[in-house]
Amino acid sequence: MEAMLLLLGLRLRARTLGGGGALRPLWKRCVVRRGKSSVVADATAGSAAALVPNAATNRVLGKWMIACSGMVVGAVVLGGVTRLTESGLSMVDWHLIKEMKPPSTLPEWQAEFQKYQQFPEFKILNHDMTLNEFKFIWYMEYSHRMWGRAVGLAYILPAIYFWRKGWMSRSLKLRVVGLCGFVCFQGLLGWFMVKSGLEEKQDSHDIPRVSQYRLAAHLGSALALYCASLWTGLSLLLPPNKMPNTRQMKLFRQFARGTGGLVFITALSGAFVAGLDAGLVYNSFPKMGARWVPDDLLAFSPALRNLFENPTTVQFDHRILGIASVTAVTVLYALSRRMALTRRTRVAVSSLLAMVYMQAALGISTLLLYVPTPLAATHQSGSLVLLSMSVWLIHELRRLPK
């Protein structure tokens, strides 16, 4: 519109002065400049759009992923404390929105307590529990569930915002969609686990507990979610290291991955220890009682059941896996001394070595002291720190993209 008015004004001026021929180049130049400025503006806008995602947006996304992985750590630790305080079966139903408001009046608390009294844990284990004691275990489970919802929001809401801003690449979009879906699956898996502890078993007076298989699935999926989120965050924040792609480096990289897998399996085996209260059967170290190999190691039939259902075998396996993890990390550190590694990679190896010995000391102390809740919770948290060190090291050793 401005260009048209300018053109009209110049034409009228030219007719008035009689110098249309002299002024015609002037208005033509104005129109050409106007057109050029529009082209330049369009090109600038296009180049600005092409710069997203960039280093600045990747830093924001990386910090978001690290924060999400930290939220998952909080959920795992809180879930472990909930398990150790035997609070996980206090909430006997599941509602996505309704249960977000806790009971506030005495009648509401009494109604909640009456629902709990209908299930095996109260009848067999807590038949003399008071309302105040019930409130404690109820709030423990409530805190775990609310934290889980907060984890879901921490993934989903920023993902929607960053997606609309165009900050994510195609590959990152696929990964984030997978992570968000995995968070939702994790919540459903948690309720599936709790349901196994609410089922009434005929002619059974054992202490009610959730299925160790479902507990291991719940913990394993949380660990997988944590590792994937941490890896994504590190990939967005840390530039890849330039390392020689020699045969020796390839073997070292493979050994580091194998060590990381061993650390993951050791942490996962802890779910079977917790699910069967296997930490209470042999509270001595390095022997189990008076023997290196206990007599009841293969007490169940068929023999395969012992790996997952015999508390003695489960504790024995966890010991062996822990010792194997310490050995593997020690060998990995010794090998790293002969490798040409970057400073950041050496810090990762040293941190992994220090943490694996600290975690072993925590595990032995927890066993010898008959699994006190604070120490057991610290041991579980230590497994996450150790797993984090493993992921960090493997990430530092990743190959440069071609």
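**Close-up 1. F113 and F122 form an edge-to-face ring pair.** F113 is buried at 9% relative accessibility. F122 is buried too, with a relative accessible area of 13%. Here, buried means under 20% relative accessible area, exposed means over 50%, and partly exposed lies in between (1.4 Å probe, protein chains only). The model is predicted: local features need pLDDT of at least 70, side-chain atom pairs count only at pLDDT 80 or more, and totals for chains, interfaces and linings use all residues. Residues are numbered from 1 along each chain as its sequence is written, and side-chain values use heavy atoms, with hydrogens and water left out. Rings of Phe, Tyr and Trp (its six-membered ring) pair if their centres lie within 6.5 Å; planes under 30 degrees apart are stacked, over 60 edge-to-face, and the rest tilted. The count under this rule is 19 aromatic pairs. For F113 and F122 the ring centres are 5.9 Å apart and the planes stand at 90 degrees, so the pair is edge-to-face.

**Close-up 2. Ring pairs join eight named residues into a cluster.** The members are W109, F113, Y116, F122, F134, W138, Y139 and Y142.

**Close-up 3. The charged end of R214 sits over the ring of F192.** The distance to the ring centre is 3.7 Å. The rule asks for NZ of Lys or CZ of Arg within 6 Å of the ring centre and within 35 degrees of the ring normal.

**Close-up 4. K115 and D93 form a salt bridge.** Their closest N and O atoms are 3.0 Å apart. K115 is in helix 4 (residues 106–116), while D93 is in the loop between helix 3 (55–84) and helix 4; the two are 22 residues apart. Helices (H or I, at least four residues) are DSSP runs, numbered from the N terminus. A salt bridge needs a side-chain nitrogen of Lys or Arg within 4 Å of a carboxyl oxygen of Asp or Glu. That rule gives 11 salt bridges. K115 is partly exposed at 29% relative accessible area. D93 is partly exposed at 23%.

**Close-up 5. E99 meets R145 in a salt bridge.** The N to O distance is 2.9 Å. E99 lies in the loop between helix 3 and helix 4 and R145 in helix 6 (residues 131–165), so the pair ties together parts 46 residues apart in sequence. E99 is buried at 7% relative accessibility. R145 is buried at 8%.

**Close-up 6. D277 and R209 are joined by a salt bridge.** The N to O distance is 2.9 Å. D277 is in the loop between helix 9 (247–275) and helix 10 (306–309), and R209 is in the loop between helix 7 (170–198) and helix 8 (212–237), so the pair ties together parts 68 residues apart in sequence. D277 is partly exposed at 27% relative accessible area. R209 is partly exposed at 26%.

**Close-up 7. R398 is buried yet has no salt bridge.** R398 is found in the segment after helix 13 (373–396). The nearest side chain of opposite charge, E396, is 5.8 Å away. The R398 side chain reaches the backbone oxygen of H395 at 2.9 Å. Beyond its neighbours within four places in sequence, R398 is in contact (heavy atoms within 4.5 Å) with W231, L238, P239, P240 and R253.

Definitions and conventions:
Lys and Arg count as positive and Asp and Glu as negative; His and the chain ends are not counted. A polar contact is a pair of N or O atoms within 3.5 Å; within protein, one must be able to donate a hydrogen and the other to accept it, and residues adjacent in sequence count only if both atoms are side-chain atoms.
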